[in-house]
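Have a look along with me.

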Amino acid sequence: MTERKPPGVRFESWVDKEIRDAQERGEFERLPGAGEPLPAELDSVYDELWWIKRKMAREGLSVLPPALALRKEAEDALAAACAAPSERIARKLIEDVNVKIKDMMFKPPPGPPLGKKPYDVEEVVREWRRLRAAARGELPGPSQV
């Protein structure tokens with residue numbers, strides 16, 4: 001490709017010629033996204049931090065205040081405990097998140113309050129057992145309630 005527009009050549013004709021030459025050389029073949037619709041973000045309002053947000057989403061990162069991040073982690077841990085394959089794993093998930101909740105209760109970070117208290121491990125395990133019995137189609141007996 002020519003680095004500079006030659007003197008005396010109209011800019012539009014020079015650009016058109018460069019594009020045409022590149023097409024003839026096949027430089028536009030097999031480009032990523034060729035034949036696919038344009039991304040929907042093109043219709044949205046321009047955000048100058050788009051590249052940061054896209055990278056964070058791609059890498060699974062978030063920027064939440066510590067209390068909100070722990071609140072999300074606690075809710076995820078509760079859901080994971082209910083879906084755990086064994087009682088031991090369910091108990092471990094809840095005990096681990098309880099340690100973090102207690103730490104934050106006694107050393108509050110800046111930002112909004114956590115608004116969470118530690119989970120009752122035995123109550124979560126009872127719920128785990130109930131969900132397992134329901135999945136197997138069993139009714140909980142008196143010792144399981």
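**Entry 1: Tyr 46.** I started with the exposure of Tyr 46: its relative accessibility is 66%, so it counts as exposed, the cut-off for that being over 50%. A reminder to myself that this is a predicted model. I then looked up where Tyr 46 sits, and found it in the loop between helix 1 (11-25) and helix 2 (50-58).

**Entry 2: the patch.** Which residues form a nonpolar patch on the surface with Tyr 46? I noted Leu 49, Trp 50, Trp 51 and Ile 52, and together with Tyr 46 they have about 580 Å² of accessible area.

Entry 3: Next I went inside. In soluble globular proteins, nonpolar side chains tend to be buried together. Here the largest nonpolar core has 17 residues, and Leu 70, Ile 94, Val 97, Ile 101, Leu 114 and Tyr 119 are those with the most contacts inside it. At least two residues of this core come from each of helix 3 (66-82), helix 4 (87-106) and helix 5 (121-136).

**Entry 4: Glu 87.** My last stop was Glu 87, which is found in helix 4. Is Glu 87 buried, partly exposed or exposed? Its relative accessible area is 24%, so I put it down as partly exposed. Beyond four places in sequence, Glu 87 touches Val 125, Trp 128 and Arg 129. The C-alpha atoms of Glu 87 and Val 125 are separated by 6.6 Å, though the two are 38 residues apart along the chain. With Arg 129, I found a polar contact between the side chains, at 3.0 Å.

Technical notes. Residues are numbered from 1 along each chain as its sequence is written. This is a predicted model: local features need pLDDT of at least 70, side-chain atom pairs count only at pLDDT 80 or more; totals for chains, interfaces and linings use all residues. Side-chain values use heavy atoms; hydrogens and water are left out. Patches are made of residues with over 30% relative accessible area and no salt bridge: like charges are joined within 9 Å, nonpolar side chains (Val, Leu, Ile, Met, Phe, Trp, Tyr) within 5 Å. Accessible areas come from the Shrake-Rupley method with a 1.4 Å probe; for residues, only the protein chains shown count as cover. A salt bridge is a side-chain nitrogen of Lys or Arg within 4 Å of a carboxyl oxygen of Asp or Glu. Helices (H or I, at least four residues) and strands (E, at least two) are DSSP runs, numbered from the N terminus. Buried means under 20% relative accessible area, exposed over 50%, partly exposed in between (1.4 Å probe, protein chains only). A nonpolar core is a set of buried Ala, Val, Leu, Ile, Met, Phe, Trp, Tyr and Cys residues joined through side-chain atoms within 4.5 Å. Contact means heavy atoms within 4.5 Å. A polar contact is a pair of N or O atoms within 3.5 Å; within protein, one must be able to donate a hydrogen and the other to accept it, and residues adjacent in sequence count only if both atoms are side-chain atoms.
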